[in-house]
Amino acid sequence: MNAVELVGVSKVFLGKNKREFRAVHQVSLQIPEGEFFSLLGPSGCGKTTILRMIAGFELPTTGEVYIQGEQMRDRPPFHRPVNTVFQNYALFPHLTVAENVAFGLEMENLPRQQIRTRVGDALALVRLNGLEDRRPRQLSGGQQQRVALARAIVKQPQVLLFDEPLGALDLKLRKEMQLELKHMQQQLGITFIYVTHDQEEALTMSDQIAVLQEGKVLQVGTPTEIYEQPNCRFVADFIGESNFLVGRVIEQDSGGVVVLVDETLPISIPCSETFPVGKVVTLVIRPEKATIHPAHYLDQPCLAGIVTEVVYLGTDTRFVIRLTPQSTIVVRRQNIYRSNLDCFAIGESVQIQMASDSIQILGEGQLLPSQTFTASRRENR
Amino acid sequence: MITSSLEKNQKLDRWTRIIGQRLLELTAILSIIFLYLPIIILVIYSFNESRLNAVWRGFTLKWYQSLFEGVAGQADIATQQIWNALFNSLWVGGISTLAATVMGTLIGLAMERFRFQGKSALEALLFLPIIIPDITMGISLLIFFSLLFQLIQTLTGVRLVLGLPTVIIGHIAFNISYVAVIVRTRIAELDPTLEEAALDLGANEWRTFYRITLPLIVPGIISGALLAFTLSLDDFVITFFTAGVGATTLPVFIYGMIKLSVTPAINAISTLMLVASLVILVSSLALQRQKT
Ligand SMILES: Nc1ncnc2c1ncn2[C@@H]1O[C@H](COP(=O)(O)OP(=O)(O)OP(=O)(O)O)[C@@H](O)[C@H]1O
Ligand SMILES: [Mg+2]
């Protein structure tokens with residue numbers, strides 16, 4: 001059974017002067033039990049709104065939310081088997097740490113003794129013993145974060161919702177908490193629904209990621225699927241770094257296609273999908289999947305270009321290489337040997353080798369005006 | 001050429017700045033003197049030996065003493081009346097504050113938390129008692145009460161007259177606004193996710209209010225109540241119109257005394273009221289400033 005299921009959920013806000021604003025549009029998601037599921041997308045894409053509809057703070061304008069198979073439309077937040085860790089933590093300032101954590105259990109009218117043991121256990125789990133009697137404002141950001149976590153976990157919910165819980169922490173603490181959250185999720189076996197705009201965070205923590213843009217789900221998949229086989233340019237661009245080469249299909253057979261980039265550069269790619277000849281497509285090439293060689297190093301046909309930029313980044317070096325007057329490609333090379341750190345200089349001719357099966361073809365794209373212009377001029381000749 | 005004129009400009013700027021600053025300081029000091037000099041004089045004369053206010057005859061505490069003899073029942077009739085009036089003032093202040101605080105808090109909550117029809121109209125109406133002149137409010141209350149009493153008399157034959165209850169109603173009427181405005185500011189500063197967090201943790205709306213919202217806005221409520229109490233103690237105009245015979249509060253009584261003869265006991269009691277008002281007002285401000 002799915003822990004949480006959204007069926008065709010949309011949310012329309014009525015703004016000032018009664019203008020409608022569609023924050024979430026026709027979102028359908030199945031989130032299996034025990035999974036670490038991330039909602040990833042840029043600011044304003046509707047992540048928080050989706051989370052709030054699951055928690056019950058907003059009602060979907062259309063569509064339904066199911067938790068453990070039960071429809072949630074008529075259930076107020078305090079009757080839903082989910083708990084939320086808020087972005088700003090939302091700790092009660094007039095209560096101590098222990099009282100904050102105990103609050104949810106008091107609402108269940110549990111016996112006092114049981115509350116005390118469970119609060120102790122939860123605080124131990126987030127390693128906050130000894131701070132029971134402090135007020136939230138006497139804690140550091142990281143400690144507040146842990147209290148918020150303990151306060152939600154102590155309720156032993158089926159599903160925990162997180163709204164950018166690490167957003168306010170510094171980078172190092174953030175990395176630590178990422179690992180800790182992931183461990184905790186595996187240990188407790190609770191379903192985590194995790195909102196973030198940080199693609200790296202989503203990649204490292206999640207079992208599955210849903211990528212959102214302007215209220216719509218673009219792609220749902222494991223981190224590997226999302227990174228290796230992005231299904232559209234937005235996803236490829238938002239997650240990791242990508243090169244995009246736009247071109248026309250000029251040949252197509254059962255084994256693959258040949259794409260002519262900028263009317264001058266043919267690239268042949270094996271693929272199982274069929275693209276009609278003449279269709280404009282986009283090639284997605286990850287910078288680390290291309291290797292750079294001196295000119296004439298390889299005698300097989302491959303891409304050739306001129307180095308226009310070299311940036312040393314420590315673990316690797318980033319080269320920008322001009323392939324055609326219109327297009328460049330970014331290649332990253334790991335700095336394995338000290339001896340050949342600066343073997344490619346700006347202005348140098350180089351060859352680029354790619355495993356052709358690591359190129360992703362997207363059936364979308366637009367030729368730049370200059371490209372169409374060159375194309376038509378050629379035809380005139 | 002250019003640099004020298006620039007330097008000149010800078011010098012001029014500096015001088016205008018300094019002069020402007022001094023002028024501002026002077027104005028501030030003068031206004032403070034203007035505001036507080038009469039009060040300071042009042043306080044000083046409450047320690048004056050002379051029966052006449054105009055001349056200083058030396059320091060004494062006898063006017064304060066005479067006030068407190070009133071408690072022991074040995075005072076003259078005038079002091080006895082002062083105590084009666086003070087008691088009336090406290091009674092009116094207490095009851096009207098209590099009622100206005102409860103109602104004002106509820107209105108403040110409703111205004112900040114709910115959307116309803118006619119909200120903006122209510123908002124404007126709520127500010128009205130704060131801005132309309134006391135005299136207008138006093139007269140309108142007087143007319144209202146006399147019409148109401150006439151109606152009651154024709155319907156039931158019972159004859160009602162103005163008195164402390166009408167004063168209390170009048171005070172509630174203007175105090176509600178102040179309390180509502182202060183409570184509302186406090187609620188507006190309250191982070192709404194705190195209430196959501198409580199709902200999320202399984203508290204229904206009532207328990208959320210009782211355990212989270214109320215404790216967090218209590219400083220606002222108390223400060224609204226303190227302000228209401230001071231306003232009620234100090235009010236003259238509205239009380240004057242709604243009091244009728246025998247329902248004399250301290251300000252009304254003092255006003256009446258001035259017309260007959262001014263005993264320095266009035267200075268003493270005014271000073272005491274001033275101190276009490278100050279204490280209440282300062283605590284009210286301190287509570288408003290207190291961060292959640
Ligand atoms: N109560 C509301 N009334 C009107 N518009 C709203 C409301 N809540 C959210 N929106 C709008 O809906 C859109 C999505 O908001 P949401 O908070 O879900 O974004 P988000 O993905 O969480 O962004 P962020 O990463 O910045 O938190 C935004 O454009 C926002 O302005
Ligand atoms: Mg958000």
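Helix H2 of chain A (residues 97–107) is largely enclosed by the rest of the structure, because 9 of its 11 residues are buried (under 20% relative accessible area, 1.4 Å probe, protein chains only); a helix here is a DSSP run of H or I with at least four residues, numbered from the N terminus. This is a predicted model, in which local features need pLDDT of at least 70, side-chain atom pairs count only at pLDDT 80 or more, and totals for chains, interfaces and linings use all residues. Residues are numbered from 1 along each chain as its sequence is written, chains are lettered from A and ligands numbered from 1 in the order in which they are written, and side-chain values use heavy atoms, without hydrogens and water.

Among the buried residues of H2(A) are A:Val97, A:Phe103, A:Leu105 and A:Met107. Their cover includes helices H3 (112–125) and H4 (141–153) of chain A, together with helices H7 (192–200) and H8 (205–234) of chain B. Just after H2(A), A:Asn109 has a positive phi of about 55 degrees.

The residues around ligand 1 (a heavy atom within 4 Å) include A:Phe13, A:Lys47 and A:Glu164. A:Glu164 is also one of the residues that line the largest cavity.

| Residue | Polar atom of the residue | Distance to an oxygen atom of ligand 1 |
|---|---|---|
| A:Ser43 | side-chain | 2.5 Å |
| A:Gly46 | backbone | 3.0 Å |
| A:Thr49 | side-chain | 2.5 Å |

Conventions: Buried < 20%, exposed > 50% of the residue type's maximum accessible area, 1.4 Å probe, protein only. Helix = DSSP H or I, 4+ residues; strand = E, 2+ residues; numbered from the N terminus. Contact = heavy atoms within 4.5 Å. 1 Å grid on protein atoms, 1.4 Å probe; cavity = no way out; pocket = protein on both sides within 12 Å on 5 of 7 lines; lining within 4 Å. Polar contact = N/O pair within 3.5 Å; in protein donor to acceptor, adjacent residues only side chain to side chain.
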